[in-house]
Amino acid sequence: MKRLSLKTRLVLLHTGLMTLIACAVLALLFSLSSHEILTSVQRQLEERVSESFDSVQYVAGRLDFDSDLMELENGIYLSVYEEDHELVYGKIPYGFPYDLDFSNGEVRTVSGEGREFYVLDLSFPVEDYHTLMMRGIVSISDAEQNFRYTLRVALLLLPALIVISAVCGYFLSRKALDPVDRITRTVRRIQREHDLSARVRLGEGKDEIYTLAGTFDDLLDAIEVGVKREKQFTSDVSHELRTPVSVILMQCEEALERRDVDEGARAAFEVIRKKAQSISNMISQLLLLSRADQGRAQLHMEELDFSELSQMAVEEFEDIAAEKKIQIHSDIHAGIRIEADQTLMIRLWSNLLRNAVTYGNVSGNIWVCVIQEGERVSLSVRDDGIGISEKDLPHIWERFYQADPSRTDSESSGLGLSLVRWIVEAHGGTISAQSTLGVGTEFICLLPLRGAEDGSDPPSA
């Protein structure tokens, strides 16, 4: 039951409840109707027998009977007897026992040949003649048969009632849950488009769902304001830090060029320069991501020889990888051309290869593959390094996320993969990662040959 949607559960609940109510009402009605029908039959029998006394007269030395006695009014048989049980006039239904004794004034139930009858015997005097006995007989089985027919019709109509109830329940639940669907669609849109400006906007209403939607919109307002402030803060801080870091780098370069600096100071300046360069790289990535967040990042699309660009990136990192005795194996198909931003493609390769070298094992391997698949180009970077645990793998795209700080390179900013993902998505592509702890990691990117298919602005990071 928990796996069913709320709408389905409401429909089932409504249908089940209406079915139970209908069955209970029908059972009550049929119970009362059955008793009422039998009571009505008895009453009609009594009235019919009493009213028939005037149909018998003694005229000119013989009994005269009105023909109405032979008519079956309401299914009631009438017959006239002498006191010695001799039938004088009338007729008796099939299956009724002819030799039944009289019981004056009492309505009795009599069975005969699989049928049941109500029988009423009333004695009445005939003027100028002696007393006769009027017997009225009505079949209970016939009355019950009519009732059972009505019952069968009701049971046949019950499924139609259930279907109608289900349809009505569906439309009612759909109408009632439409605001919930709107809330769900809004949330999915925000997740899909990363658009915090989307709102439910149900309008005025006093029920709980309208209150929930209003609260949700207020929450989104607060979140949007907070995110904008965070983005602005990141942008402002990055801009403010560029100048002092640039000054530090410049001063370190000047100090290292001087000949009067002793070895100890030179080593200290080298450490400062290296750390300042790492900070400068981090600031550069933060600025790019900040512009992407604010929708100000512009892609300068041009036709590139992606095969050549990829080969150049691999050759540049071969010397860096050689410091850890890591060998890079490349399988780059020639002649692959795409429309892309050259600067961002270089940064994409730089971050992926640097990541593979950083987390690769000494004397390990890196495999680079670039091939064309239809209207897309597939690039992959695989290493046999330390790998990523299953619990950390979904979070590697988050900014500043470090899977294991104790095993992380001290110069890693935690922004590289966030930037890689944005670059790929900004070009209309997709990226995925596969990794096994202690075995290695592989990143696979799929990029369209002609840029983003919808021609839209780059997505926010």
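Tutor: Helices (H or I, at least four residues) and strands (E, at least two) are DSSP runs, numbered from the N terminus. This is a predicted model: local features need pLDDT of at least 70, side-chain atom pairs count only at pLDDT 80 or more, and totals for chains, interfaces and linings use all residues. Residues are numbered from 1 along each chain as its sequence is written, and side-chain values use heavy atoms, with hydrogens and water left out.

Student: Where is Asn351 found?

Tutor: Asn351 is in helix 6.

Student: Does Asn351 count as buried or exposed, and why?

Tutor: Asn351 counts as buried because its relative accessibility is 14%. Buried means under 20% relative accessible area, exposed over 50%, and partly exposed in between (1.4 Å probe, protein chains only).

Student: What is Asn351 in contact with?

Tutor: Leaving aside neighbours within four places in sequence, Asn351 is in contact with Gln285, Gly416, Leu419 and Val420. Contact means heavy atoms within 4.5 Å.

Student: Now helix 7. How many of its residues are buried?

Tutor: In helix 7 (residues 416–426), 8 of the 11 residues are buried. Leu419 and Val420 are among them. Gly428, with a positive phi near 80°, follows helix 7.

Student: Next, the largest nonpolar core. Which residues have the most contacts inside it?

Tutor: Phe306, Met345, Leu348, Trp349 and Leu379 have the most contacts inside this core, which has 44 residues. Helix 6 (residues 342–358) gives the most to this core, with 8 residues. A nonpolar core is a set of buried Ala, Val, Leu, Ile, Met, Phe, Trp, Tyr and Cys residues joined through side-chain atoms within 4.5 Å.

Student: On to rings. How many aromatic pairs does a search of the whole structure find?

Tutor: The search finds 7 aromatic pairs. One of them is Phe53 and Phe124, stacked at 4.7 Å centre to centre with 15° between the planes. Rings of Phe, Tyr and Trp (its six-membered ring) pair if their centres lie within 6.5 Å; planes under 30 degrees apart count as stacked, over 60 as edge-to-face and the rest as tilted.

Student: What does the pair of Phe53 and Phe124 tie together?

Tutor: Phe53 lies in the loop between helix 1 (6–51) and strand 1 (56–59) and Phe124 in strand 6 (residues 115–125), so the pair ties together parts 71 residues apart in sequence. Phe53 is partly exposed, at 23% relative accessible area, whereas Phe124 is buried, at 3% relative accessibility.
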